[in-house]
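Me: I would like to learn how to read the sheet, the helix packing and the ligand surroundings of a model. Could you take me through them in turn?

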Amino acid sequence: MDAGVPSTTGKFKSEKPHHHLNYHQRLLRLHYFPLSKFLSWSLFAAVILFGLFLISPHSPSALRFSSTTERRSLRGSYSAASWGGFEWEKRVRSSARIRRRPSGLSVLVTGAAGFVGTHASDALRRRGDGVVGIDNFNDYYDPSLKRARQALLSRSGIFLIEGDINDGPLLRKLFDLVAFTHVLHLAAQAGVRYAMLNPGSYVHSNVAGLVSILEAARTANPQPAVVWASSSSVYGLNTGVPFSESHRTDRPASLYAATKKAGEEIAHVYNHIYGLSITGLRFFTVYGPWGRPDMAYFSFTRDILAGKTITIFEGPGGVTVARDFTFIDDIVQGCIASLDTAKKSTGSGGTKQGPAQLRVFNLGNTSPVPVVELVSILERHLKVKAKRKVVKMPRNGDVLFTHANISSARAELGYQPTTNLQTGLKKFVKWYLAYYPSTAGSSVAKKRGGRGSSSS
Ligand SMILES: *[C@@H]1O[C@H](CO)[C@@H](O)[C@H](O)[C@H]1NC(C)=O
């Protein structure tokens with residue numbers, strides 16, 4: 001992945017013509033160019049340009065005209081994205097249309113082809129909310145899974161734009177087209193251990209990408225309320241359990257966690273300066289159907305079915321590693337409750353008019369399960385015995401234990417997780433065997449698709 005270098009922002013381009021003009025003005029002044037001469041040269045240039053325009057093979061038809069000129073002025077040097085045009089705008093508007101009157105939302109969902117993004121988009125749409133998705137379909141894990149999720153959303157009538165959240169002009173265009181009431185910002189570079197291989201991608205997505213989204217939101221009129229995915233990993237070396245929102249989060253153990261923590265600070269800034277209503281959600285090890293192949297429960301399932309040995313980590317002195325596994329449906333319920341309870345942003349025209357809401361919630365299950373128990377549950381559902389190898393957990397960013405205190409989410413969002421790990425994994429395994437039918441009952445080693453497992 002080529003990350004680390006954020007896409008050019010609109011700022012650079014808007015400065016260019018300005019500078020150009022000054023340069024010409026200075027030239028004219030310097031040489032005392034006579035007006036009549038200047039006018040005849042201008043006329044000559046205009047005739048030449050018009051001639052070139054006529055013989056151009058891309059002479060726009062009446063239908064394409066507006067979109068072509070618009071694209072040229074907006075995108076400048078952009079070449080990768082293929083957005084814009086009359087049909088494209090129609091699809092965006094139609095997808096954003098609210099069917100649930102009068103209280104429906106119109107939501108821009110980033111990372112909509114991702115695990116949580118797909119489920120949340122679908123749930124919103126089922127309620128009658130307007131949803132427009134955006135995703136860059138990167139290859140951190142098998143993009144074909146993201147395409148399958150896209151097909152799922154498409155069947156629900158959701159338009160998913162292939163684009164990057166760092167593409168400022170694209171975001172501005174979307175906010176020009178649609179008065180989004182909310183942004184559900186889930187696009188991120190996930191995974192704890194991969195951060196050691198590709199640190200730049202974490203900065204690109206989780207820091208630059210977040211700023212790009214918040215810039216678009218604060219300049220939008222009306223400003224949307226923003227709900228975004230932070231992470232339980234911000235608790236880092238915190239030892240107080242269960243993890244409460246008031247606990248220390250200034251000792252992250254991975255770059256992933258550090259970029260999410262940075263995001264929470266950045267959210268504070270945009271709330272403080274621009275009056276954006278922002279809610280950060282600290283997800284605890286989300287799992288379920290259509291999940292992420294880089295996560296332990298997913299890769300364990302793949303390897304157990306393939307007859308491969310799975311590696312289980314243990315802490316110093318044989319301490320068991322445990323996670324507060326949270327089922328996707330419960331997380332989606334928390335996301336939607338956050339959107340529903342979000343107060344309006346107070347800014348307008350990029351200026352704050354009054355204090356705005358700033359919240360952060362743990363979304364967990366409040367019952368940590370040892371990873372060895374996770375494996376036992378998978379064995380029962382898959383009806384295959386796992387070949388286990390237990391090794392000391394390397395110091396690569398993972399923490400030993402997570403446990404959410406969800407009393408705040410319960411009180412303010414009505415958040416109430418209802419699915420235990422047994423039930424949730426049963427649903428996951430059912431989906432897995434249907435999605436990868438060739439792996440069922442086969443011990444043929446499959447090619448590994450992910451990049452190591454993560455339990456974040
Ligand atoms: C959970 O957090 C709340 C504050 O949100 C606090 O009052 C409560 O004591 C915490 N519970 C535990 C078991 O730490």
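This is a predicted model: local features need pLDDT of at least 70, side-chain atom pairs count only at pLDDT 80 or more; totals for chains, interfaces and linings use all residues.

Me: What is the order of the strands in the open sheet?

Reply: Strands of a sheet pair through backbone hydrogen bonds, either parallel or antiparallel. Here the order of the 7 strands is β3-β2-β1-β4-β5-β6-β11, with parallel pairing; strands (E, at least two residues) and helices (H or I, at least four) are DSSP runs numbered from the N terminus, and two strands pair if DSSP finds at least two bridges between them. The edge strands, β3 (159-162) and β11 (358-363), each pair on one side only, and the twist from one strand to the next averages 20°. Within the sheet, β1 (residues 106-110) and β2 (residues 130-135) run parallel and are joined by 5 bridges, with Thr 110 opposite Ile 134 in β2.

Me: Which strands does helix α8 touch?

Reply: Helix α8 (residues 199-219) packs on the sheet against β1, β4 (182-185) and β5 (225-231), and its direction makes about 180° with that of β4. Contact requires C-beta atoms, placed from the backbone, within 7 Å, and angles run from 0 to 180 degrees between N-to-C directions, with axes fitted to C-alpha atoms, for helices over the stretch in contact.

Me: At what angle do helices α10 and α12 pack?

Reply: Two packed helices are described by the angle between their axes and the distance between the axes. For α10 (residues 296-305) and α12 (residues 371-382) the angle is about 45° and the axes are 10 Å apart, so the two helices are oblique to each other; angles under 35 degrees count as roughly parallel, over 145 as roughly antiparallel, 65 to 115 as roughly perpendicular and the rest as oblique. The residues of the contact of α10 with α12 divide into 10 nonpolar, 1 polar and 1 charged, where Ala, Val, Leu, Ile, Met, Phe, Trp, Tyr, Cys and Pro count as nonpolar, Asp, Glu, Lys and Arg as charged, and the others, Gly among them, as polar.

Me: How are α5 and α6 oriented to each other?

Reply: The axes of α5 (residues 115-127) and α6 (residues 143-155) come within 10 Å and cross at roughly 5°, and the helices are therefore roughly parallel.

Me: Which residues are around the ligand?

Reply: They are Pro 242, Ser 244, Asn 405, Ser 407 and Ser 408, each with its C-beta atom, placed from the backbone, within 6 Å of the ligand. This shell divides into 1 nonpolar, 4 polar and no charged residues.

Note on methods:
Residues are numbered from 1 along each chain as its sequence is written. Two residues are in contact if their C-beta atoms, placed from the backbone, lie within 7 Å.
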